[in-house]
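Hello,

Here is the structure I promised to pass on. Please open it first, then read my notes below.

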Amino acid sequence: MADSNFIDYVKFCSRSGAGGAGSVHFRREKHVPKGGPDGGDGGRGGHIIVRGNAQHWTLLHLKYKKHVIAESGRGGEGGRRTGAEGKDVYLDVPLGTIAKDAETGEKRFEITEDGQEVILTLGGRGGLGNDHFKTATNQAPHFAQTGEAGIEEWIILELKLLADVGLVGFPNAGKSTLLASISAARPEIGDYPFTTLVPNLGVVSYRNDQSFVMADIPGIIEGAAEGRGLGIRFLRHIERNSILLFMIPADATSIEEQYRILLGELEKYNPELLDKKRILAISKADMLDAELMKEMAQEIPKDIPYIFISAVSQYNLDKLKDLVWQAIHA
């Protein structure tokens, strides 16, 4: 994913169509000298509808849409003819998109399925024609309803990537290298911090033609929840992952300390993240021998399953897949 193409947040003005006015009309035909009211109803205003589309992975196509406006309904006509409805506007979004009210921050709904449709902004109702208002004492009403006004509101669409496994770690922990080694994804890899500036998704093949989705999240540093580094901009994507795969390099000063810092940042952002299943992968293990691994294992926290891996030498990658698969289907 090129960072210029990955957009996970858009804000725009959503305006639905107004309803058409009801008609004031009376039946006029030869040999019918006193035709009654026959004014038709106005058409409904167009809705703004959000629709899930599995072919989309970003909100880039909506980035420059600052105003989304639906058609208004047409007015009713004589002969009880209803006016045409305003054309609905469909916004296709990736799965995992959340709609929020920009003023209050209130969550409206979430799109999780391909083809799922939810009305974002309701179109105005059409007005009733004078045919609806005839009574025994008022047989010729000269009035009808005006159409209901459309709704104008500011909306935020926020994308949270849907993945089975989310890679969590400090910059340069080897997350992108791992993703490139076990999937067809091609994230940028470099020997400097914050090489990954946007989340990357990869499909990991498993036994018997099965697979799972892995997400490489940009590196977290101490103080990320307060805005340091890339801040919390991409932490929202971790919320949608079933399993959190913590990655700490074998050359880290303290594996336990780094693990606790990462946990602390996740807890500050959203305490519910600590309820997710966790696995710890010690990366760059190709620089270790068996005796050193045994010694390092003593300082690894006891409350998390762990494995030593090397994406470069492919060491233990199949065992890592087994561990992840068992955790997903536990």
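Predicted model: local features only at pLDDT ≥ 70, side-chain atom pairs only at ≥ 80, totals over all residues.

**Pocket**

The second largest pocket holds about 190 Å³ of space. Its lining divides into eight nonpolar residues, three polar and no charged. Asn-53, Ala-54, Gln-55, His-56 and Trp-57 are among the lining residues. Pro-94, Leu-95, Leu-161, Leu-162, Leu-201 and Val-213 also line this pocket.

Three of them form an open sheet in the order 4-2-7, with mixed pairing. Strand 4 (89-93) and strand 7 (117-121) are the edge strands, and each pairs on one side only. From one strand to the next, the twist averages 30°. Strand 2 (residues 48-52) pairs with strand 4 in the parallel sense, over five bridges. Which residue in strand 4 is the bridge partner of Val-50? Leu-91 is. As background, strands of a sheet pair through backbone hydrogen bonds, either parallel or antiparallel.

**Aromatic pairs**

Ring centres within 6.5 Å count as a pair. By this rule there are five aromatic pairs. One of them joins Tyr-206 and Trp-325, and this pair is stacked. The centres are 4.7 Å apart, with 20° between the planes. Tyr-206 lies in the loop between strand 10 (200-205) and strand 11 (211-216), and Trp-325 lies in helix 4 (residues 317-328), so the pair ties together parts that are 119 residues apart in sequence. Are these two residues buried or exposed? Both Tyr-206 and Trp-325 are buried.

Tyr-306 and Phe-308 form another aromatic pair, and this one is edge-to-face. Here the centres are 6.1 Å apart and the planes stand at 90°. Burial is under 20% relative accessible area, and exposure is over 50%. Tyr-306 has 39% relative accessibility, so Tyr-306 counts as partly exposed. Phe-308 has a relative accessible area of 7%, so Phe-308 is buried.

There is also a cluster to look at. Tyr-206, Phe-212 and Trp-325 form one aromatic cluster. The stacked pair of Tyr-206 and Trp-325 thus has both its residues in that cluster.

Over to you.

Best wishes

Notes. Residues numbered from 1 in each chain as written. Heavy atoms only, no water. Phe/Tyr/Trp six-rings, centres within 6.5 Å; stacked < 30°, edge-to-face > 60°. Helix = DSSP H or I, 4+ residues; strand = E, 2+ residues; numbered from the N terminus. Buried < 20%, exposed > 50% of the residue type's maximum accessible area, 1.4 Å probe, protein only. Pairing = 2+ DSSP bridges. Axes fitted to C-alpha atoms, helices over the stretch in contact; angles between N-to-C directions. 1 Å grid on protein atoms, 1.4 Å probe; cavity = no way out; pocket = protein on both sides within 12 Å on 5 of 7 lines; lining within 4 Å. Points joined across faces, edges and corners; volume = space filled by probe spheres on them. Nonpolar A, V, L, I, M, F, W, Y, C, P; charged D, E, K, R; others polar.
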